Amino acid sequence: MSQDSTTPKMSENRTDSQSTAISTVSRPAILALALLSMFAVYPAAAQTTAVCSADKLPSMIEGFFQLTTGLGIVGVAVVWQADSLIEMFTLNSEQKKGLKRHKRSAMKSAVILLVLGPLYTVAGSMMSLPLADCVNLTPW
């Protein structure tokens, strides 16, 4: 009898220890990958001046970024309006909560779309990345 009562506890402890082991293994692996990518990518990034020396490539990159950001914002607006419309016709409170969560995640996506380009432009110029010197990724 005593073995039967400890068996579920042991299985819970095993899953807890397995998740802890996975998280302790993944943290150093992620850190090592980040450090390796910083040092391994740096010489390759220093050689990318061909992008800035091309005639129309920087303006094409800027236009592509502005186009995709604009389409993303329009998509977020459509999703927001559709969720608001569906929310008016739902009677279940759980569905309304789900729609509000979906609207919140759409708003987070819009913020990421609007912040990512200027953040890369500012951070890239601070880190003296060659692409950030000749390409302006602000969507406005």
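Which residues make the nonpolar surface patch of about 610 Å²? Met 107, Val 111, Leu 114, Val 115, Leu 119 and Trp 140 make this patch. The model is predicted: local features need pLDDT of at least 70, side-chain atom pairs count only at pLDDT 80 or more, and totals for chains, interfaces and linings use all residues. Residues are numbered from 1 along each chain as its sequence is written, and side-chain values use heavy atoms, with hydrogens and water left out.

**Overall architecture**

- The protein chain holds five helices and zero strands. Helices (H or I, at least four residues) and strands (E, at least two) are DSSP runs, numbered from the N terminus.
- Read from the N terminus, the order of elements is α-α-α-α-α.
- The protein chain has 140 residues, and 15% of them are buried. Buried means under 20% relative accessible area, exposed means over 50%, and partly exposed lies in between (1.4 Å probe, protein chains only).
- Take the contacts in the protein chain with a separation of 6 or more: 48% of them join residues 24 or more positions apart. A contact means heavy atoms within 4.5 Å.
- Accessible areas come from the Shrake-Rupley method with a 1.4 Å probe; for residues, only the protein chains shown count as cover.

**Surface patches**

- Patches are made of residues with over 30% relative accessible area and no salt bridge. Like charges are joined within 9 Å, and nonpolar side chains (Val, Leu, Ile, Met, Phe, Trp, Tyr) within 5 Å.
- Val 111 is one of the residues in the nonpolar patch. Helix H4 holds Val 111, which is partly exposed at a relative accessible area of 44%.
- A patch of positive charge on the surface gathers Lys 96, Lys 97, Lys 100, Arg 101, Arg 104 and Lys 108. Lys and Arg count as positive and Asp and Glu as negative; His and the chain ends are not counted. The place of a charge is taken as NZ of Lys, CZ of Arg, CG of Asp or CD of Glu.
- Arg 101 belongs to the positive patch and sits in helix H4 (residues 93-126). Its relative accessible area is 52%, so Arg 101 is exposed.

**The salt bridge**

- Side chains of opposite charge can pair when their charged atoms come close.
- The count comes to one salt bridge. The rule asks for a side-chain nitrogen of Lys or Arg within 4 Å of a carboxyl oxygen of Asp or Glu.
- The partners are Glu 87 and Lys 103, at 3.4 Å, N to O. Glu 87 lies in helix H3 and Lys 103 in helix H4, so the pair ties together parts 16 residues apart in sequence.
- Both partners, Glu 87 and Lys 103, are buried. For Glu 87 the relative accessible area is 14%.
- Helix H3 spans residues 57-89 and includes Glu 87. Leaving out residues up to four places away in sequence, Glu 87 touches Lys 96, Leu 99, Lys 100 and Lys 103.

- Leu 57 lies in helix H3 and is partly exposed at 34% relative accessibility. Leu 57 and Val 135 are 78 residues apart in sequence, with 9.1 Å between their C-alpha atoms.
- Ile 73 is also placed in helix H3, and its 29% relative accessibility counts as partly exposed. From Ile 73 to Leu 114 the C-alpha distance is 8.5 Å, across 41 residues of sequence.
- Beyond residues up to four places away in sequence, Ile 73 touches Ala 110, Leu 113 and Leu 114.

- Pro 139 is found in the segment after helix H5 (130-134). The C-alpha atoms of Pro 139 and Glu 62 are 8.2 Å apart, and the two residues are 77 positions apart along the chain.
- Not counting residues up to four places away in sequence, Pro 139 touches Phe 65, Gln 66, Thr 69, Leu 114 and Pro 118.
- Tyr 120 is in helix H4 and counts as partly exposed at 29% relative accessibility. Tyr 120 and Thr 138 are 18 residues apart in sequence and 8.9 Å apart, C-alpha to C-alpha.
- With residues up to four places away in sequence set aside, Tyr 120 touches Ser 125, Leu 129, Leu 131, Ala 132 and Leu 137.
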